[in-house]
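Trainee: I am new to this structure. Can we walk through it together, one question at a time?

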Amino acid sequence: MKKNIVLVLVFTLYHLVSYSQNIVLDNGNLKTVSGKVLDAITNEPIEYAAVSLFEINKKKPANEIVTDKNGAFTIKDIKSGSYFISVNQLGYTKFIKKDIEIKGENTNNLPFIILLEKNINTLQEVSITSKQRIIENKIEKIVYNVDKDVTSQGGVASDALKKIPGVTVDIDGNVELLGNSSVRFLIDGKPSSLFGNSVSDALQAIPNSQIQSIEVINSPSVKYDSSGTGGIINIILKKNKSQGFNGNLNLAAGTRLETGSLNLGYKKNSLSLNAFYNGNAQLKATSPTGMNRVSTNHFDNSTSQLQQSSNGDLNRDSYNTGLGADWAVSEHDNLAATIAIHHLTNRTVGVSDQYFTQFDNLGAILSNSNSLRFSDNLNTVNTLDNSLSYRIKFEKENQELEISYAGTLANNNASYDQYQKYKTDATPFSGAKSLNLGKENEVQFVIDYAHPINKDFLLETGLKTTVQSIISNADVFVLGSTNNYVKDLQQSNSLDYKRKIYAAYLSASFTLFKYLEVKTGIRYEYTKNTATYSSVKEVAIPDYKNPAPSLIISHSFSNNQTLKFSYAYRIERPNYRDLNPFMNLSDPHNITTGNPYLQPEVGQKYQLGYNKSFESGSSINVLLYREAIIPDIKPYVTYYPSLKVGDSIYTDVSVTSRANIDHEIRTGINISTSIIAGKKWNFRSNTLFFNRNFKNSNATPIISNAFCYRLNLNLSYQFNKTLIGEVFGNYNSGTQWQGRQPSVFSYTFAFRKQFLSNKASIGFIAVTPFNKYISQNSEVLVPDVVINSYRKIPYRSFGISFTYKFGKLKFAKQKEEENILYSTPQIEN
């Protein structure tokens, strides 16, 4: 005990004596200044903070640099003399330390830590006048700070994703990253089977008011799972990081969407608690659809035509709730746990008018019929996510060990009920209904360890085991001759799919030639699959053995410029919906089903990026990329003049499933800009151009190309400190795959007003206000068949949202002898 007291006294005295000198290292006649910049509240490193060293009475800096991902900086080759240091980062109060004397006798090597405090505008989220970066380009990812985008608070996650460079969201909520739909979604860095059944439904279930930020990782390092050939999108939910009790309430109502969320946080000393609840409902919306399918019979050159005109009413609702706890057991030990429950329901009820005609080779009508089809589709997902992690930080900086567990349990249930009758007859001539009860469970165990060799070399390694289980039981009933539904044993099926993934990685981060920042490594994943189907019993699925290397090389130039090259090997394993052999016969002429024999797709990604940030807060980011997916998984349409399913025969049928094709190669460029003009205007743009090259040995032609482009523009104007307006436009040119997929254009107007000393705000949003529907006209080309279809999706909507924040931020004071310096918040009059 006495020894410990003596050590503390010596350590404290040492700091006090070296307080104004401890950032300087002696290197002969030239000196080195080093340190680290952290957030004053969260103690998280601040990347890309501008650090400038000035000689006294000189306006031009002697040297300047930006902090790295760890918030660290090193300024080399400084002559002896009197200096002052300045640290700038958007959204934070400027830090200045004067009277720094650099002399030959300064030889100690202590870390110089600067804590930057957010200015009062940032803390209260009053306005954008502080020029906060809503979108940040970092070395490994793009971060969209949803909570800083004041006009995004009334929507859901799929709305927020539309504003992120390189991300495309279509009219159904399906997401692509740089044109690739194979995206791995995470919540707080962990998997959730909420995304297993339908990504679009899951994104509709998460309100923006619940989201802190969204991370988009185009080219992940080996520390991440190799799942997702397109990359990773990580949705980070809001958490309390401030002392005391606080929270926020958000309510939104409109003609299309209603949401509500409550976030509560409490932190006292080393213990942080968080709780949240949110729910939303998409009100009933009618979507007119139509199809005109013409098929040719080569045996006698006869043709048949099926015309459908339908109306479907869609309802969607969901709720999410959860608890989180974070306990700093000691200065070096941290324990965190979470539990969350998710529920979503998607139901469509519709009626279709069907007209079927057969023609001979001269075009004369051989036969025709007119019928009505009534259908009811229901999907429900209930998910329980839970996690536990323990992290140890050692005495050596950046040396830490983390052991974690994450589990997710989901019930994915789907059902349909349909029958058909002729217009002239009240009695149904056919019908079917089914209930598909599915379960998807996943458990992960992870060990990660980081060990610094020196200040410029960091080794990371880890092990991971993932166990997945997919179970599906579908009972199908068909309408019998006595107008009773009888179980069809041939169509009813079950699936029991097990997958185990064993992974290990080794990663190194280092500086090369004192010029390049390098992060490289290799990940090895071994995947073992077993599957049993009721129709064919056990199926032999080969194991996957994938070495997955990655490489990131970057260099930061002066004036906040960065050039980066990256390579990543990625793999996409088929998910629950892809594998499930359940046939949805709600429309017997257009059947959807899974493919239990799918092989994983493997992708190799090459990217070259340039980023430039300006002192005004403006920025430009350019990304050139090439992705080769060999083999690839694609939705595939196959036409059958007649198809036997179980004991039933269906005529004039197109079946949509997932299939492996030889390859898809994407080559493109993404340009994103953010321009801040004065204190009023903020303009953001994102443009994506790319070419898709397909090879499918089962198609004619075998090789095809499609050129695509995407564009979105965002313009906001700050009327005053409490009122902001925004207009957002989004255009997707569509693409070609088995025909032509439609283009989509939409635009949004939004306003937000803050009041009650900026604790509350009210917003208004209008989505595509002058068009009742967004129409989609697509064409599918299958041998002997041409399918033209249209959809009119209701998109015009109006909404109003309300946000109220309560509680206070309390800053924990640090001891001066700990060698930590502060910036001071500036309060604007």
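Trainee: Which residues are linked in a network of salt bridges?

Mentor: Keep in mind that this is a predicted model. A salt bridge here needs a side-chain nitrogen of Lys or Arg within 4 Å of a carboxyl oxygen of Asp or Glu. The linked residues are Lys 605, Glu 627, Asp 632, Lys 634, Glu 664, Arg 666 and Arg 692.

Trainee: How far apart are the N and O atoms in the salt bridge of Lys 605 and Glu 627?

Mentor: Lys 605 lies in strand β32 (residues 601–613), and Glu 627 lies in strand β33 (residues 619–629). The pair links distant parts of the chain, 22 residues apart. Their side chains meet, N to O, at 2.7 Å.

Trainee: Are Lys 605 and Glu 627 buried or exposed?

Mentor: The cut-off matters here: buried means under 20% relative accessible area, and exposed means over 50%. Both charged partners fall on one side of it. Lys 605 and Glu 627 are buried.

Trainee: With which residue does Glu 664 form a salt bridge?

Mentor: Glu 664 belongs to the network too. The closest N and O atoms of its pair are 3.1 Å apart.

Trainee: Which strands does the salt bridge of Lys 487 and Asp 475 tie together?

Mentor: The two side chains meet at 3.2 Å, N to O. The residues sit 12 apart in sequence, so the pair ties together two parts of the chain. Those parts are strand β25 (residues 485–487) for Lys 487 and strand β24 (residues 457–479) for Asp 475.

Trainee: Now the whole chain. How many helices and strands are there in the protein chain?

Mentor: The protein chain has 829 residues, of which 51% count as buried. Its accessible surface comes to about 37800 Å², with 57% belonging to carbon and sulfur atoms. The tally is six helices and 46 strands.

Trainee: What percentage of contacts join residues at least 24 apart?

Mentor: Consider contacts between residues at least 6 apart in sequence. Gly 407 and Glu 442 give one example of residues in contact. They are 35 residues apart along the chain. For the protein chain, the share is 66%.

Trainee: Which residues is Gly 407 in contact with, leaving aside its neighbours within four places in sequence?

Mentor: Gly 407 lies in strand β22 (residues 400–422). It is buried because its relative accessibility is 7%. Its C-alpha atom is separated from that of Glu 442 by 5.7 Å. Its contacts are Leu 384, Asp 385, Asn 386, Glu 442 and Val 443.

Trainee: How far apart in space are Ser 554 and Gly 609?

Mentor: Ser 554 is in strand β29 (residues 544–557). Ser 554 is buried, with a relative accessible area of 4%. In sequence, Ser 554 and Gly 609 are 55 residues apart. C-alpha to C-alpha, they are apart by 9.1 Å.

Trainee: Which strand gives the largest share of the nonpolar patch?

Mentor: The patch is on the surface, with about 820 Å² of accessible area together. Among its residues is Leu 388, which lies in strand β21 (residues 365–393). Strands β17 (257–268) and β18 (271–297) each supply at least two residues. The largest share, three residues, comes from β17.

Trainee: Which residue stands opposite Leu 186 in β15?

Mentor: Strands β13 and β15 (residues 231–237) run parallel. Five bridges join them. Opposite Leu 186 stands Asn 234.

Key: Residues numbered from 1 in each chain as written. Predicted model: local features only at pLDDT ≥ 70, side-chain atom pairs only at ≥ 80, totals over all residues. Heavy atoms only, no water. Helix = DSSP H or I, 4+ residues; strand = E, 2+ residues; numbered from the N terminus. Buried < 20%, exposed > 50% of the residue type's maximum accessible area, 1.4 Å probe, protein only. Contact = heavy atoms within 4.5 Å. Areas by Shrake-Rupley, 256 points an atom, 1.4 Å probe, with all protein chains shown as cover. Pairing = 2+ DSSP bridges. Patch = residues over 30% accessible without salt bridge, like charges linked within 9 Å, V, L, I, M, F, W, Y side chains within 5 Å.
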